[in-house]
Amino acid sequence: MPTAYEQYLVPVIFRPFAEDLAARAAALAPARVLELAAGTGVLTSCLLATAPSVEVTATDLNEAMVTLGSVRAPGAVWRQADAQRLPFPDGGFDLVVCQFGVMFFPDRVEAFSEIRRVLAPGGRFLFNTWAPLRTHAFEVALQAGLERAFPVDPPRFFPTVPHGYSDPAVVAADLSAAGFAVEDEQELTLQGRAASTAGLATGYLTGTPVRAAVEERGDGPAVRATVIEEMTARLGPGPVTAPMTAYVFCAAT
């Protein structure tokens with residue numbers, strides 16, 4: 001899964017937002033940065049390139065992601081870590097960053113409270129989260145393909161998880177409950193560029209948790225063919241460019 005994620009999805013979906021988040025992080029001039037849900041290290045690499053003097057500690061809950069990420073971004077210190085039980089002392093970081101990870105936290109207020117604990121006084125928490133599914137053209141097409149492939153009980157991972165924390169008011173309330181003050185909140189739309197719709201579909205079907213849902217239902221090649229056909233009908237065969245919208249938050253202790 002991490003390899004397919006890195007090959008097919010990172011350049012198209014995640015790198016544009018990683019470059020944006022890294023620039024925002026560098027503008028805050030931190031000395032010690034903790035990254036949560038670092039995945040295979042796309043934001044980590046951008047942070048190291050944009051602010052080479054910063055000390056970056058990158059973490060992920062998934063050990064396989066940590067293993068691959070440590071190869072992709074060796075300039076950071078990599079550790080496996082649960083955002084709700086961070087293995088770091090109080091006040092050890094100036095900035096905590098997280099790219100498209102907060103929606104995966106089982107208890108967001110608890111995780112945000114842990115983040116606040118490891119931040120020094122005056123520290124900041126900078127992160128992004130996806131807007132509703134309808135604002136992400138690639139994933140609208142993907143979900144349509146999954147619903148065509150599985151007319152009964154289609155996988156609902158994308159509407160409910162990546163795009164399931166898409167109300168800025170709810171996010172702000174959770175931050176406030178954890179003791180943060182929201183300094184800035186922005187809606188950001190960037191363009192994703194994929195060489196082919198088939199490659200993008202392969203990335204989604206084999207490099208995300210949708211993979212398990214497809215395997216449980218069986219007949220993977222037929223599902224892949226249906227999803228590619230539907231995505232191609234909506235987006236074209238490629239190269240294809242499509243808009244993707246996220247919210248970016250900066251919160252202070």
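In the predicted model, residues 24 or more positions apart account for 80% of those contacts in the chain that have a separation of 6 or more. The secondary structure comprises 10 helices and 7 strands. For a chain of 253 residues, a compact globule would have a radius of gyration near 18 Å, and the value of 18 Å found for the chain therefore agrees with that expectation. Along the principal axes, the C-alpha atoms fill a box of roughly 55 × 35 × 30 Å.

Of the 253 residues, 54% are buried. The charged side chains number 18 positive and 27 negative, and a distance of 3 Å lies between the centres of the two sets.

Helix H8, spanning residues 197–206, has 8 of its 10 residues buried, so the helix is largely enclosed by the rest of the structure. The buried positions of H8 are Thr197, Gly199, Leu200, Ala201, Thr202, Gly203, Tyr204 and Leu205.

In helix H7, formed by residues 168–177, the buried residues are Pro168, Val171, Asp174 and Leu175. Viewed down the axis of H7, these buried residues fall within an arc of 125°, and they therefore line one face of the helix. Ala169 and Ala177 are exposed and are carried on the face of H7 turned away from the buried side. The cover over the buried residues of H7 is provided by elements that include helix H4 (108–118) and strand E5 (119–130). Strand E6 (181–194) and strand E7 (240–252) are also among the elements covering these residues of H7.

Threonine 44 is located in helix H2, which covers residues 42–50. The relative accessibility of threonine 44 is 0%, and because burial requires a value under 20%, this residue counts as buried. When neighbours within four places in sequence are left aside, threonine 44 is in contact with Glu35, Ala38, Val56, Ala58, Ala73, Ala76 and Trp78.

Definitions and conventions:
Residues are numbered from 1 along each chain as its sequence is written. This is a predicted model: local features need pLDDT of at least 70, side-chain atom pairs count only at pLDDT 80 or more; totals for chains, interfaces and linings use all residues. Side-chain values use heavy atoms; hydrogens and water are left out. Helices (H or I, at least four residues) and strands (E, at least two) are DSSP runs, numbered from the N terminus. Buried means under 20% relative accessible area, exposed over 50%, partly exposed in between (1.4 Å probe, protein chains only). Contact means heavy atoms within 4.5 Å. The radius of gyration is taken over C-alpha atoms; the globule rule is 2.2 Å times the number of residues to the power 0.38. Lys and Arg count as positive and Asp and Glu as negative; His and the chain ends are not counted. The place of a charge is taken as NZ of Lys, CZ of Arg, CG of Asp or CD of Glu. The arc is that of the directions from the helix axis to the C-beta atoms.
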